[in-house]
Amino acid sequence: PGSLDEPALKELIAGELGAVRDRSLGLTTGALEEAELTAQVSPLMSPLVWDLAHVGNYEELWLLRAAAGVAPMRPEIDGLYDAFEHPRAERPSLPLLPPGEARAYISAVRARVLDSLGSVRFDPADPLTSGGFVYGMVVQHEHQHDETMLATHQLRRGAPALFDPPGEATQATVPGADTPAGEVLIAAGPFERGTSGDPWAYDNEGPGHMVDLPAYYIDVEPVTNAAYIAFMEAGGYDEPGLWHPRGWEWRCRSGKRAPAFWSRDGAGHWVRRRFGRTEPVPPAEPVQHVCWYEADAYARWAGKRLPTEAEWEKAARWDPAAGRSRRYPWGEVYEPGRANLGQRMLRPAETGSYASGASAYGVRRLLGDVWEWTSSDFHGYPGFRSFPYREYSEVFFGPEYKVLRGGSWATHPLAVRGTFRNWDYPIRRQIFAGFRCARTADETAGGTA
Ligand code: AVJ
Ligand code: FE
């Protein structure tokens, strides 16, 4: 969006608003019964009909009331869809708009947004509208909720309601793809973290600043199911010495011994439930649905550790030859063939895929496939200023949340970039998250690169 004039930007925005709405409606119609939209699939998740009306209410607050100065349409429902007023577990018992009314409400909001788009000036002196920022924020917000709705779909029981697109399944398969891809050395030195100029970046992505890191190794690819099974079979879940103290507590309290949605079939082979179907666990796919504590324990077992957030970002964005950071691992411009983003498949791709998405250092699949747990807590960068509201990120800063990077197969390309930061509790497994490992280079001077 950075290089477009205002009319072209507005055209792009109208198109993206339409595309994300098609996506949201696709996740709440089709094979799903209307009754399923109001059901509680898990106390961790909202009923799907809450997400649907919430994205419309958020759009009304930001694009109609704030940007266009339009009077509230349904002020009496604001409280129902305020994420801070009602935790997810409570939402099914609220007097939510039923599915038909929710759809009518969000499409009435949308019609007014499109009517007013031409007359809202993108004022370079107003950070809310400059570069279409608030429109970008609303498009990204709806895509974020679409990913959340996919997590709800994955948790739900009953007949499948989402289907793998034809053809994509074979594209994901690369011969020899379960061969471990090794690690690369990232030389000590500074890199530019975050961004100050990206027009649609969130407040927590900036300000951009230099960070100096010691040398480290980082895995070329995310950890695969095969590698994770090796950890399980080596007794990883029974060895307290491998776990963070609170991780061991989680392990004992929860009784978990495998990633979420995994079980053994009659022959003792690992299978997984994926969007209502049970299938063998594919060895060469990145492991997903592991929590931070499981990722942390695996890394210790492998003689490594999770990368810090800064290490992840340097490996993804820094171009040592040019002396600057990129927006995407491969360059400045998004290209669809370089990452498994945007719900093209309902799963991550196998090791060896998307080699053209490698970073300057040759690190692969940093964007897409699975969110990657980092070792870092979620904090503001030096000089952080909350904008346009504290509840997007600032209220989550602190030691409770771990940072995830890079987006998953379920993340839309407009809603992720090399600077994008996600966060969740270290016990969460319903998100589409995996990890890769790193290690400090000094510890193993002369080690294999
Ligand atoms: C950035 C993914 C953690 O889903 O809780 C959605 C995004 N913020 N509505 C979340 C968000 C407000 C947020 N995450
Ligand atoms: Fe939201």
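Predicted model: local features only at pLDDT ≥ 70, side-chain atom pairs only at ≥ 80, totals over all residues.

Student: How many bridges join strand β6 (residues 270-274) to β7, and do the two run parallel or antiparallel?

Tutor: β6 and β7 are joined by 4 bridges and run antiparallel. Two strands pair if DSSP finds at least two bridges between them, so the 4 bridges here qualify. Residues are numbered from 1 along each chain as its sequence is written, and chains are lettered from A and ligands numbered from 1 in the order in which they are written.

Student: And what makes β5 (262-264) and β7 (277-280) edge strands?

Tutor: The open sheet has 3 strands in the order β5-β6-β7, with antiparallel pairing. β5 and β7 each have a single partner strand, so one side of each has no neighbour in the sheet. From one strand to the next, the twist averages 35°. By the way, helices (H or I, at least four residues) and strands (E, at least two) are DSSP runs, numbered from the N terminus.

Student: What is the strand order in the sheet with 4 strands, and how is the pairing described?

Tutor: That open sheet reads β12-β11-β10-β13, and the pairing is mixed. Its edges are β12 and β13 (433-434), each with a single partner strand, so one side of each is left without a neighbour in the sheet. β10 (residues 371-378) pairs with β13 in the parallel sense over 2 bridges. Within that pair, Trp371 has Ala433 as its bridge partner in β13.

Student: On to helices. Why are α1 and α5 called roughly parallel?

Tutor: α1 (residues 6-26) and α5 pack at about 15°, and their axes are 10 Å apart. Those axes are lines fitted to C-alpha atoms, for helices over the stretch in contact, and angles run from 0 to 180 degrees between N-to-C directions. Angles under 35 degrees count as roughly parallel, over 145 as roughly antiparallel, 65 to 115 as roughly perpendicular and the rest as oblique. With about 15°, α1 and α5 are therefore roughly parallel.

Student: Which residues make that contact?

Tutor: Ile13, Glu16, Leu17, Val20, Arg23 and Ser24 of α1 meet Tyr135, Val139, Glu142, His143 and Asp146 of α5. Two residues are in contact if their C-beta atoms, placed from the backbone, lie within 7 Å. By class there are 5 nonpolar, 2 polar and 4 charged residues. For the classes, Ala, Val, Leu, Ile, Met, Phe, Trp, Tyr, Cys and Pro count as nonpolar, Asp, Glu, Lys and Arg as charged, and the others, Gly among them, as polar.

Student: What surrounds ligand 1?

Tutor: His141, Gln144, Thr148, Tyr392, Asn422 and Trp423. A residue is near a molecule if its C-beta atom, placed from the backbone, lies within 6 Å of it. The elements giving two or more residues are α5 (133-155) and β12 (421-424), and α5 gives the most, with 3 residues. The shell splits into 2 nonpolar, 4 polar and no charged residues.

Student: What is the phi of Phe261?

Tutor: Phe261 has a positive phi of about 80°, although it is not a glycine. Phe261 lies in the loop between α8 and β5.
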